[in-house]
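Good morning, and thank you for the time.

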Amino acid sequence: MPVIDAHVHLYPEEVWQNPREWSEPREEKHWSHCVAPTNRETIQGWANIDTLLRDMDDAEIEKVILLGWYWENIETCQEQNQWYARWIKEYPDRIDAFAALNATADVASDIVTWAVDNGFKGIGECLPQVQGHTLRDSCWRNVMEACVAKNLPINLHVTEPVGHDYSGRVETPLEDYVWLASEYPEAKLILAHWGGLLPLYEMNPTVHRKMANVFYDTAASPLLFDKSIFRTVVNAIGSERILYGSDYPLRLYPSKSKTPDFRTFLEDIRSTGLSSEEIEDILHRNARKLFG
């Protein structure tokens, strides 16, 4: 079965050889706290392009979507977008990408146009609480309107309201995402990390109607939830709006492996008791429909 991973991050080796040394002059404190915390052991793994492609082949992954980070500074967004523009040009059959964007920048809407012109598939991962704005601010509304006009999906980071503490955890009120979905019903929204369990609230018919345009990805799922989350969410909303995402090269099973991989998580998904149709929706069919 072909697999499309809709949530992967990748950096050049000069970035991850010394993450803090790279991030400090760029004033990207949140990113360095997430990937290289000083007060605990990191679960962040790293990979170069060759390792990524090798691990994709090992797990029989057809294509990955590289997501941007929610950088605090627009210059870092543009730097990452150049890496991704190069990689999707070099490996068009294996790699697609979303463009990084900070809505507070004057050029934010221009980046949406640039992303389309350069073959990007969407915008994100974005996290307004770190990037200096809210989902209701005019700067973000401008980005939403630009993405709607270009029919471009948007990936937003979401944190579960109740859960364990971890490096970089930021509260993301679920009400804001319900508001955003209802305010822009024509937008293509992807809420990362199971939307912070927002799909379970869709068992309320009013919420379900408002979230009809929203997809949820499974990024970092083994670090956050028991694998029964798959059956639970499918029972709540069906399988047609769930996207497989790994958050590679994050180490999803840190007690089992010191290096990132795709295979272990995929094996877990296939052992959840979902039907073959439901698994195909999640692993590739929904992504094909959403990204064309």
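Helices and strands here are DSSP runs, helices of at least four residues and strands of at least two, numbered from the N terminus. The model is a predicted one.

I begin with Arg 241, which sits in the loop between helix H13, residues 229-237, and strand S8, residues 242-243. Is this arginine buried or exposed? Its relative accessible area is 10%, and because buried means under 20%, Arg 241 is buried. A polar atom of its side chain lies 2.7 Å from the backbone oxygen of Val 214. Beyond its neighbours within four places in sequence, Arg 241 is in contact with several residues, among them Glu 202, His 208, Phe 215 and Asn 286.

Pro 249 belongs to the loop between S8 and helix H14, residues 263-270, and the peptide bond joining Tyr 248 to Pro 249 is cis, with omega about 5°.

Where else is there a cis peptide bond? One runs from Gly 124 to Glu 125, with omega near 10°. Glu 125 is part of strand S4, residues 122-126.

Finally, Trp 194 is a non-glycine residue with a positive phi, near 60°. Trp 194 is placed in the loop between strand S6, residues 189-191, and helix H10, residues 198-201. The relative accessible area of Trp 194 is 0%, and this residue is buried.

Terms used:
Residues numbered from 1 in each chain as written. Predicted model: local features only at pLDDT ≥ 70, side-chain atom pairs only at ≥ 80, totals over all residues. Heavy atoms only, no water. Buried < 20%, exposed > 50% of the residue type's maximum accessible area, 1.4 Å probe, protein only. Polar contact = N/O pair within 3.5 Å; in protein donor to acceptor, adjacent residues only side chain to side chain. Contact = heavy atoms within 4.5 Å.
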